Amino acid sequence: MKQFGRAASGPVILASALALALSASLSAQETRVGEEGFESPPADLSQMDWLVGQWSGEGIGGAPAMESWLPPTGGTMIGTFVQETEGGAIMFTEHMYLMEEAGSVVLRLKHFNADLTGWEEKDEMLTFRLVAVEPCAAYFNALTLRCADADAPGVGLVAAVRMQSGGELLFQFTRLEQ
């Protein structure tokens, strides 16, 4: 299992990721990175209930993207992410687990191409340890999930991931009607 300190780049998204990172605003970084050997803060999945639901918005290069999160089951929240191409085909997907572990929360994920071939090796995944948790926000090492407006949980979702280059991919979603 890999500890995630920087975003892995798959062969499918390198050019698009670079284009999006270059076109992103020059505002402050959304992601946080823990110091070497940092300890994750105490947390549990009840602090992530604002994330449950289906979210839709713009992804890489402005193409459509969706993210969905199920309520916790057995100490795990399962999520999916779908990045489409501009033409509406699947570019890649992610299968994500938010899990309670050692008194905190960790996010694990695997990437898949449109034909369901994996980016990571069979028994490997990316692991994002929690750096900080706030009402309506979870900051994992190099990955952020937060409400677009902390005063209006459940309306908008911001997801950001830090790339190896130091740039970020930023996704802004709105909740789909349930």
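Which side chain meets that of E134 in a salt bridge? The side chains of E134 and R32 form this contact, with N and O 3.3 Å apart; a salt bridge is defined as a side-chain nitrogen of Lys or Arg within 4 Å of a carboxyl oxygen of Asp or Glu. The pair links distant parts of the chain, since E134 belongs to strand β7 and R32 to the loop between α1 and β2, 102 residues apart. Helices (H or I, at least four residues) and strands (E, at least two) are DSSP runs, numbered from the N terminus.

The structure is a predicted model, in which local features need pLDDT of at least 70 and side-chain atom pairs count only at pLDDT 80 or more, whereas totals for chains, interfaces and linings use all residues. Residues are numbered from 1 along each chain as its sequence is written, and side-chain values use heavy atoms, with hydrogens and water left out. The pLDDT is the predictor's confidence in each residue, from 0 to 100. The protein chain averages a pLDDT of 85, and 84% of the residues score at least 70. Over residues 1–26, pLDDT stays under 50, and for this stretch the model has 45 contacts beyond four places in sequence; contact means heavy atoms within 4.5 Å.

By the rule given above, the count comes to three salt bridges. Side chains of opposite charge can pair when their charged atoms come close. E30 is buried at 18% relative accessibility, and R146 is buried at 19%, where buried means under 20% relative accessible area, exposed means over 50%, and partly exposed lies in between (1.4 Å probe, protein chains only). In the pair of E134 and R32, E134 is partly exposed with a relative accessible area of 34%, and R32 is partly exposed at 31%. The side chains of R108 and E101 also meet in a salt bridge, at 3.0 Å, N to O. R108 is buried at 11%, whereas E101 is partly exposed at 39%.

A search of the whole structure finds one disulfide, the term being applied to a pair of cysteine sulfur atoms within 2.5 Å. C136 and C147 form this link, with their sulfur atoms 1.5 Å apart. C136 is in the loop between β7 (126–134) and β8 (137–140), and C147 is in strand β9 (residues 143–147), eleven residues apart. The link is left-handed, with -60 degrees about the S-S bond. Both partners are covered: C136 is buried at 8% relative accessibility, and C147 is buried at 3%.

Strand β9 also takes part in strand pairing, which requires that DSSP finds at least two bridges between two strands. Five bridges join β9 to β10, and these strands run antiparallel; the bridge partner of L145 in β10 is A159. Six of the seven residues of β10 (residues 156–162) are buried. β10 in turn pairs with strand β11 (residues 168–175) in the antiparallel sense over seven bridges, and V158 stands opposite Q172 in β11. The hairpin of β10 and β11 has five residues between the strands, and there G166 takes a positive phi near 100 degrees.

The largest nonpolar core has 35 residues, and L51, L98, L107, F140 and L145 have the most contacts inside it. Such a core is a set of buried Ala, Val, Leu, Ile, Met, Phe, Trp, Tyr and Cys residues joined through side-chain atoms within 4.5 Å. Strand β5 (residues 90–101) gives the most to this core, with four residues. Residues up to four places away in sequence not being counted, L51 touches W69, M77, L98, L145 and L157.

M99 is also placed in strand β5 and is partly exposed at 22% relative accessibility. Beyond four places in sequence, M99 is in contact with several residues, including L45, G75, T76 and R108. The C-alpha atoms of M99 and D44, 55 residues apart along the chain, are separated by 8.3 Å.

A102 lies in the loop between β5 and β6 (104–113) and is exposed at 84%. L116 is found in the loop between β6 and β7 and is exposed at 62%.
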